[in-house]
Amino acid sequence: ANEDLTAKTLTSIEGLNDHGGRIEEVAAQVSGMAIRLVACMATCLLLLGLGYSATRWVWPDPSARLIKDLPIADHLEEYRAVGSFDFLKVLDNSPLFNEDAP
């Protein structure tokens with residue numbers, strides 16, 4: 001083997017060695033970016049969960065009010081038939097419904 005072949009072989013090996021360090025550097029950069037991406041996704045999911053919880057806590061639930069007022073809705077037609085409170089006052093003062101009335 002001549003000297004030229006030895007020099008080319010050593011140069012190729014040094015070049016591969018340089019690329020090996022570069023591959024490790026790129027792998028470190030990619031893993032760093034992957035860690036940042038996972039951290040950003042976790043932060044977004046946490047903020048989304050907090051926002052949803054805060055909205056459910058702050059924003060009133062319209063169904064809860066309907067359930068609470070269901071007895072009123074069940075008798076709504078009867079309440080509308082009464083008309084005004086004057087009729088109820090007369091009933092309250094009548095002797096049929098009030099033992100203390102004159």
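The protein has a mean pLDDT of 81, and 87% of its residues reach 70 or more; pLDDT is the predictor's confidence in each residue, from 0 to 100. This is a predicted model, in which local features need pLDDT of at least 70, side-chain atom pairs count only at pLDDT 80 or more, and totals for chains, interfaces and linings use all residues. Residues are numbered from 1 along each chain as its sequence is written, and side-chain values use heavy atoms, leaving out hydrogens and water.

Let's start with the overall layout. The protein has five helices and zero strands, giving the pattern α-α-α-α-α along the sequence. Helices (H or I, at least four residues) and strands (E, at least two) are DSSP runs, numbered from the N terminus. Confidence is highest in helix H3 (residues 70-74), at a mean of 85, and lowest in helix H5 (residues 85-93), at 80.

Of the 102 residues, 2% are buried. Here buried means under 20% relative accessible area, exposed over 50%, and partly exposed in between (1.4 Å probe, protein chains only).

Next, look for charged partners. A search of the whole structure finds two salt bridges, a salt bridge being a side-chain nitrogen of Lys or Arg within 4 Å of a carboxyl oxygen of Asp or Glu.

| Salt bridge | N to O distance |
|---|---|
| Asp4 and Lys8 | 3.7 Å |
| Arg80 and Glu77 | 3.8 Å |

Asp4 and Lys8 both sit in helix H1 (residues 3-58), four residues apart, about one turn of the helix. Asp4 is partly exposed, at 45% relative accessible area, while Lys8 is exposed, at 52%. Arg80 and Glu77 belong to helix H4 (residues 76-82); because they are three residues apart there, about one helical turn separates them. Both Arg80 and Glu77 are exposed.

Finally, find the nonpolar patch on the surface: Val82, Phe85, Phe87 and Leu88 form it, with about 400 Å² of accessible area together. Patches are made of residues with over 30% relative accessible area and no salt bridge, with like charges joined within 9 Å and nonpolar side chains (Val, Leu, Ile, Met, Phe, Trp, Tyr) within 5 Å. Helix H5 gives the largest share of this patch, three residues. Val82 is found in helix H4 and counts as partly exposed, at 32% relative accessibility.

Methods. Areas by Shrake-Rupley, 256 points an atom, 1.4 Å probe, with all protein chains shown as cover.
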